[in-house]
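Please look over the chain shown below with its aromatic side chains in mind.

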Amino acid sequence: MPDSDLRTLLRESTRARHARVDALFGEGFTGREGYAAYLLGMRALLSLLLPRLPELAPLLPLLEDDLRSIAADSVVDTETFAADAIETTAPTLPDSEAQRLGWRYVIHGSSLGARVLQRQAAALGASPDHGARFLAAHAQGDGWRALFAALTGSTAPPAEVAAVLAAADAAFAAAEAAFRRAIAAMSRGVPA
């Protein structure tokens, strides 16, 4: 399989799930509560993956700091921000290198969207120094560049390609579930 085919297959095979995740924040953040829901969902997702993708470890403290900033700056119930407020699961966590590649495609690929989200967070008053540390670091990280190089050099046999595609699909499903739970938690935690 030519190298470019794996990138194309990943993009095509996850298009529908990717669109559903994007649609959750497609109109931008709905105020600080929408931004907080995004951060909560990302924290749940990264926490789930950290044991298997340790390169994500530097991002988690930045998320925690952003959540503290958002809680301090808003009227949102701070209990919503508790570390265990949003739980997520995945049907299949990455156990093989092929599966990790599929999950990395989703997680590191989200750094491209983080650039757009960073501008939206800035419109809410967040900055790389206060409230948007995670987005700034994620947008500027080299995870996507490294992954792109790995995909370009890939010579995986068809069985491994199938594992990469299935893992990317599972990653988007887990992201969608985490964000939906976070949005629901925020809607319960916002005073009427």
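Predicted model: local features only at pLDDT ≥ 70, side-chain atom pairs only at ≥ 80, totals over all residues.

Residues are numbered from 1 along each chain as its sequence is written, and side-chain values use heavy atoms, with hydrogens and water left out.

**Aromatic pairs**

A pair of aromatic rings is described by the distance of the centres and the angle of the planes. Rings of Phe, Tyr and Trp (for Trp, its six-membered ring) pair here if their centres lie within 6.5 Å, and the planes count as stacked when under 30 degrees apart, as edge-to-face when over 60 and as tilted for the rest. By this criterion the structure holds eight aromatic pairs. One of them joins F25 and F29, and because their planes stand at 65°, with the ring centres 5.9 Å apart, the pair is edge-to-face. Another, between Y105 and W144, is tilted. The two pairs are set out here.

| Pair | Centre to centre | Angle between planes | Class |
|---|---|---|---|
| F25 and F29 | 5.9 Å | 65° | edge-to-face |
| Y105 and W144 | 6.0 Å | 55° | tilted |

Y105 belongs to helix 5 (residues 97–123) and W144 to helix 7 (residues 143–152), so their pair ties together parts that are 39 residues apart in sequence; helices are DSSP runs of H or I with at least four residues, numbered from the N terminus.

Buried means under 20% relative accessible area, exposed over 50% and partly exposed in between, with a 1.4 Å probe and protein chains only. F25 counts as buried at 10% relative accessibility, F29 does so at 11%, and Y105 at 12%. F25 and F29 also belong to one aromatic cluster, together with Y35, Y38, F134 and F179.

H138, found in helix 6 (residues 133–140), is buried at 5% relative accessibility. A polar atom of the H138 side chain lies 3.4 Å from the backbone oxygen of I107. With contact taken as heavy atoms within 4.5 Å, and not counting residues up to four places away in sequence, H138 touches L59, I107, S110, S111 and A114.

L117 lies in helix 5 and is likewise buried, at 13% relative accessible area. Leaving out residues up to four places away in sequence, L117 touches F29, Y38 and L135. The C-alpha atoms of L117 and G26 are separated by 9.9 Å, although these residues are 91 residues apart along the chain.

Notes. Helix = DSSP H or I, 4+ residues; strand = E, 2+ residues; numbered from the N terminus. Polar contact = N/O pair within 3.5 Å; in protein donor to acceptor, adjacent residues only side chain to side chain.
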